[in-house]
Amino acid sequence: QVQLVESGGGSVQAGGSLRLSCVASTDTGINYMGWFRQAPGKEREAITTIYISGSTRGSTYYADSVKGRFTIAQGGKTTIYLQMIDLNAEDTATYYCAAGIRRPRETRPPGPADAAYWGQGTQVTVSS
């Protein structure tokens, strides 16, 4: 069983920045970690993932909506960070750290079904 502990989040004005962190209790049984978000009334969506081990370690995925503004990085064996800049109201959501196994060099965009483990979620609110 993998436990994910998130930190960061909060409220910020449009154009501002925030940083989220996530630590996994173990890397056994996972080869990627990432961030999903869910806004009220909307489905949970993957915004960015990173392979944390194996031949594709460091390979990333970004949803079009966050490309150029969000950056995911691996800070340790089981720690990831999400740096978010130029935030806007559409980024308001609950952000969830996720982890699981994905086929290396998988071209299909990640989805909630790819996540075997979830963090508790952290709220990000952007006011305009």
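Me: How many residues does the largest nonpolar core have, and which of them have the most contacts inside it?

Reply: Two conventions come first. This is a predicted model, in which local features need pLDDT of at least 70 and side-chain atom pairs count only at pLDDT 80 or more, while totals for chains, interfaces and linings use all residues. Residues are numbered from 1 along each chain as its sequence is written, and side-chain values use heavy atoms, with hydrogens and water left out. A nonpolar core is a set of buried Ala, Val, Leu, Ile, Met, Phe, Trp, Tyr and Cys residues joined through side-chain atoms within 4.5 Å. Buried means under 20% relative accessible area, exposed over 50%, and partly exposed in between (1.4 Å probe, protein chains only). Here the largest core has 30 residues, and Leu4, Met33, Trp35, Ile80, Met84 and Tyr95 have the most contacts inside it. Strands that each supply at least two residues of this core include S3 (18-24), S8 (79-84) and S9 (93-100); strands are DSSP runs (E, at least two residues), numbered from the N terminus. Apart from this core lies another, of 6 residues, among them Tyr32 and Phe36.

Me: With which residues is Met84 in contact, leaving aside its neighbours within four places in sequence?

Reply: Contact means heavy atoms within 4.5 Å. On that basis, the partners of Met84 are Gly16, Ser17, Leu18, Leu20, Arg69, Phe70, Tyr95 and Val124.

Me: Which strands pair with S3?

Reply: Two strands pair if DSSP finds at least two bridges between them. S1 (residues 4-8) is joined to S3 by 5 bridges and runs antiparallel to it, with Glu6 opposite Cys22. S3 also pairs with S8 in the antiparallel sense, over 6 bridges; there, Val23 has Thr79 as its bridge partner. Because 5 of its 7 residues are buried, S3 is largely enclosed by the rest of the structure.

Me: Is Arg102 buried or exposed?

Reply: Arg102, in the loop between S9 and S10 (117-118), counts as buried because its relative accessibility is 7%. Its side chain reaches the backbone oxygen of Arg108 at 2.5 Å, a polar contact (a pair of N or O atoms within 3.5 Å; within protein, one must be able to donate a hydrogen and the other to accept it, and residues adjacent in sequence count only if both atoms are side-chain atoms).

Me: What is the phi of Arg105?

Reply: Arg105 has a positive phi of about 60°, although it is not a glycine. Arg105 lies in the loop between S9 and S10 and counts as exposed at 60% relative accessibility.

How values were computed:
Helices (H or I, at least four residues) and strands (E, at least two) are DSSP runs, numbered from the N terminus.
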